Amino acid sequence: MDKEYFLTKVLSYWSSLIRKVVFCVLRVGPIPTHIAVIMDGNRRYAKRKLLEEGAGHDAGAMALLNLIIYCYELGVKYITAYAFAIDNFRRKPSEVQKIMDLLKECMTVLAKIAKHHPIKVNFAGNLELLNAELRDEARKLMGATAEYSKFVVTICVCYCCTDDIVHSVEESCREKHYYHSYIGDSHDDDKDDDDKDDERHMIKLVDIEKNMYMAVTPDPDILIRTGDEHRLSNFLQWQTCHSLLASLSTDWPEIGVWHLVKV
Amino acid sequence: MKSQKWSSSKMESERRVLSFFIFKWASCYDALLLMGGDMIVNILLRLTWHLLHVTIHLCYFAINIANALESHLISKGLLRRYKSLHISKLQYLAIVIESEDCRTSNVIELLQWLADLGVKHVCLYDKEGILKKSKDFILEKFDGATLFQENDVLLDQPLMTLEFASFSDGKEAVAKAANVLFMKYLKSGSTSSCQGDQIFTESQMGEALKTVGLCYLSDLLGGNGPEPDLLLVYGPARCHLGFPAWRIRYTEIQHMGPLKSMKYGSLIKAIYKFTMVQQNYGK
């Protein structure tokens, strides 16, 4: 037992050292500022490894936490993960509950990491769809880490891009309505001012983009999807106009340093 | 006594001066060693980075050679599994082309290949709108297609229907649709200013997009609206270049390389891979 523990410690030390050397080499060249990931393949991984239902998601959560650490060491500034889509509520209630429980555990781990490293944590999505306890935990963690900016982790929960667009259009309408009702009426009747008012009443692209859930981060440089799938599944198709879309054949829990290096 | 004290203090001061210079020389030497050491480490890191870069390039080069060979075999019909394509599964195909790469001769050849395979509905997209400006020329040169009109019946069309799109049909269209909804919101006299209240739905957004004339294909294509099933990217990188976000929620995206080196075999392989995909739509 002691011998096994010792060997594990030695292996872990050496793999950590090799990883740091590799990251030193990679930092010589350009490093992406923002990496987004679609964590696909947890259930297939569990099926392949003959694990019980839900164990794939445990392994997936572990892989996400490892990736956050790798990105932090590599010097990536933003990492965004698609943890739970609105469409995922159609899964079995037991699976949905398992994912929610995992989310809570991840929040606890991230809160502990944030005490020692300046990591900002955001939760992007329609948080009103979460239960009150999770929603409060998420808001508490966001509040506690709001002042950090060196490394930003965004977890997309109850998110889908079309819902994000509708939400931002709603917010833009509310803003313009407020302006129209309370501020617009106090302007002069001069024709030139009327034209300017008309422009101010119009919703512009910049209004929509600033009201999106994902307005907290810049557009991703790379979007990685695992599980050998080649679609966006309603994730960041607005923000990935100029992003490299990378598809990895490996399942999400098996993602490692070398996949990151290859991408 | 005094001379002894003086000589010992002189020796002490000389010792101090000497040790000062030795220290200075040593720290300069250390600094030089550090700088030299840093330079050596930097050079080693750069060499290793370039070596890694070359290794990965060689791997991708080998993969590209293998893909080109496979594509050649598919074109010749030598690979059995690509002989029968279930083309009916591909109801709507989108093609994204890098604007700098937009050669109409290549585009027409690609459309001919798609027509031969039996693809009925195609959307051609490039960011700058070059294809949109050349649509009359393309339709003139390519006999097998018509421009899609909004109220056309799409099923069992003898000719391919072509749609042309650009960046202005994406984000800017959503801004226009937002203004349509805003006008309806103002007219309805709704005073909901509570953050939690939902005032629009996704279907209302979809209808607004149709109103601004940018969602041509409707539920006639199978219930999900004008969303391409497959999007082929012809360009240097796998990137959708701003294709309307509302329409590529569940679209399979395949990268085909630059348009000038397009291959018939690669096209068949991409369509074949699409027909083998199973989607859960989040379930």
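Predicted model: local features only at pLDDT ≥ 70, side-chain atom pairs only at ≥ 80, totals over all residues.
Student: How do you know where the domains of chain A lie?

Tutor: The bounds come from an automatic or database domain assignment. That assignment gives domain 1 as 29-159 + 218-245 and domain 2 as 161-182 + 193-212. The centres of domain 1 of chain A and domain 2 of chain A, taken over C-alpha atoms, are 29 Å apart.

Student: What makes residues of domain 1 of chain A and domain 2 of chain A count as being in contact?

Tutor: Contact requires heavy atoms within 4.5 Å. By that rule, 9 residues of domain 1 of chain A are in contact with 9 residues of domain 2 of chain A. The two domains bury about 700 Å² between them, and 60% of this lies on carbon and sulfur atoms. On the side of domain 1 of chain A, 73% of the buried area comes from A:Tyr159, A:Asn234 and A:Trp238 together, the residues that lose the most area to domain 2 of chain A.

Student: How many salt bridges does the rule find across the interface of domain 1 of chain A and domain 2 of chain A?

Tutor: The rule finds 0 salt bridges there, although 4 residue pairs are in polar contact. By class, the side of domain 1 of chain A that touches domain 2 of chain A has 5 nonpolar and 4 polar residues, with no charged ones. A salt bridge needs Lys or Arg together with Asp or Glu, and these four residue types are the ones classed as charged.

Student: Why is the pair A:Arg231 and B:Glu252 called a salt bridge?

Tutor: The cut-off is 4 Å between a side-chain nitrogen of Lys or Arg and a carboxyl oxygen of Asp or Glu.

Student: Which element gives the most residues to the side of chain B that touches chain A?

Tutor: H5(B) gives the most, with 10 residues. By class, that side of chain B has 27 nonpolar, 16 polar and 11 charged residues.

Student: What is the area buried between chain B and chain A?

Tutor: The area is about 4,500 Å², with 63% from carbon and sulfur atoms. B:Trp49, B:Lys171 and B:Arg238 supply 15% of what chain B buries against chain A, more than any other three residues.

Conventions. Residues numbered from 1 in each chain as written. Chains lettered and ligands numbered in written order. Heavy atoms only, no water. Buried area = accessible area lost by both parts, 1.4 Å probe. Polar contact = N/O pair within 3.5 Å; in protein donor to acceptor, adjacent residues only side chain to side chain. Helix = DSSP H or I, 4+ residues; strand = E, 2+ residues; numbered from the N terminus.
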